[in-house]
Amino acid sequence: MEKQEPLKKAGSTSGKEAAEYHIKDRCLIIKVKQDLDHHNTLSIREQSDKLLDKGQIKSIVFDFSGTDFMDSSGIGVIMGRYKRLTLSGGKIFVTGINRNLDRIFRMSGLYRIVPKFDSIEEAVARSR
C-alpha cells in the first residue's frame with residue numbers, strides 16, 4: 001500500500017493521538033493507536049463523523065494493530081459507524097486484531113456484522 005500522510009490525528013485525554021485517518025479509494029482507514037475505551041472514543045467518533053459527513057466515504061477499515069483493549073464504548077463507536085454506513089450501502093472491516101480484541105469481538109458478536117482481515121490492503125480491496 002502506498003504511503004499516505006494522515007488526514008487528521010484525533011486526540012485523547014492522555015495527550016497522545018488516539019487515531020490517524022487516511023482515505024484511499026473512498027475507504028476511510030482509521031488506525032487506532034491506543035486502547036479504544038471511554039477516554040478516546042469521543043474524539044474518534046467526532047473525527048470519523050466529520051469525514052463521513054463529506055459524503056465520499058463508502059467503507060471504513062479500523063486498524064487495531066496499535067490497540068490492546070476495547071471496552072463497551074469502543075464497541076459503540078464501531079456499531080455507530082456500522083449503522084451509519086449500512087444505511088448508504090457501505091461496509092466496515094477490521095484488521096490488526098490481537099488475541100484480547102479477538103475475544104471481545106467474538107463475545108460481543110461484532111464478527112457477525114464486521115469482517116476481519118489480515119491486512120489493511122486486503123480490507124481496502126474488499127471494500128471496492
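Helices (H or I, at least four residues) and strands (E, at least two) are DSSP runs, numbered from the N terminus. By that definition, the protein chain of this predicted model has four helices and six strands. Asp-25, for example, is placed in the loop between β2 and β3. Residues are numbered from 1 along each chain as its sequence is written. The model being predicted, local features need pLDDT of at least 70, side-chain atom pairs count only at pLDDT 80 or more, and totals for chains, interfaces and linings use all residues, while side-chain values use heavy atoms, with hydrogens and water left out.

**Confidence**

- The average pLDDT (the predictor's confidence in each residue, from 0 to 100) of the protein chain is 89, and 88% of the residues score at least 70.
- In residues 1-6 the pLDDT falls below 50, and this stretch has twelve contacts (heavy atoms within 4.5 Å) in the model beyond near neighbours in sequence.
- Residues 10-15 also have a pLDDT below 50, with 18 contacts in the model beyond near neighbours in sequence.

**Overall organisation**

- Read from the N terminus, the elements follow the order β-β-β-α-β-α-β-α-β-α.
- Of the 128 residues in the protein chain, 46% are buried; buried means under 20% relative accessible area, exposed over 50%, and partly exposed in between (1.4 Å probe, protein chains only).
- Among contacts between residues at least 6 apart in sequence, 60% join residues at least 24 apart.
- The chain has an accessible surface of about 6900 Å², and carbon and sulfur atoms account for 48% of it; the areas come from the Shrake-Rupley method with a 1.4 Å probe, and for residues only the protein chains shown count as cover.

**Salt bridges**

- Side chains of opposite charge can pair when their charged atoms come close.
- The model has seven salt bridges, each defined as a side-chain nitrogen of Lys or Arg within 4 Å of a carboxyl oxygen of Asp or Glu.
- Arg-81 and Asp-49 form a salt bridge with an N to O distance of 2.6 Å.
- Because Arg-81 lies in helix α2 (residues 72-86) and Asp-49 in helix α1 (residues 41-53), this pair ties together parts that are 32 residues apart in sequence.
- Both Arg-81 and Asp-49 are buried.
- Asp-53 and Arg-84 meet in a salt bridge at 2.2 Å, N to O.
- This pair also ties helix α1, which holds Asp-53, to helix α2, which holds Arg-84, across 31 residues in sequence.
- Asp-53 is exposed, at 56% relative accessible area, whereas Arg-84 is partly exposed, at 30%.
- Through shared partners, salt bridges join Asp-49, Asp-53, Arg-81 and Arg-84 into one network.

- Asp-25 forms a salt bridge with Arg-128, with the closest N and O atoms 2.6 Å apart.
- The two residues are 103 residues apart: Asp-25 is in the loop between β2 (19-24) and β3 (27-32), and Arg-128 is in the segment after α4.
- Asp-25 is partly exposed, with a relative accessible area of 44%, and Arg-128 is exposed, at 63%.
- Most residues other than glycine have a negative phi, and most peptide bonds are trans.
- Asp-25 has a positive phi, near 55 degrees.
- Arg-26 lies in the loop between β2 and β3 and has a positive phi near 65 degrees; this residue is partly exposed, at 43% relative accessibility.

**Ser-127**

- Ser-127 belongs to helix α4 (residues 120-127) and is buried, with a relative accessible area of 9%.
- The side chain of Ser-127 reaches the backbone oxygen of Val-124 at 2.5 Å.
- Apart from neighbours within four places in sequence, Ser-127 is in contact with Cys-27, Ser-59 and Phe-93.

Notes. A polar contact is a pair of N or O atoms within 3.5 Å; within protein, one must be able to donate a hydrogen and the other to accept it, and residues adjacent in sequence count only if both atoms are side-chain atoms.
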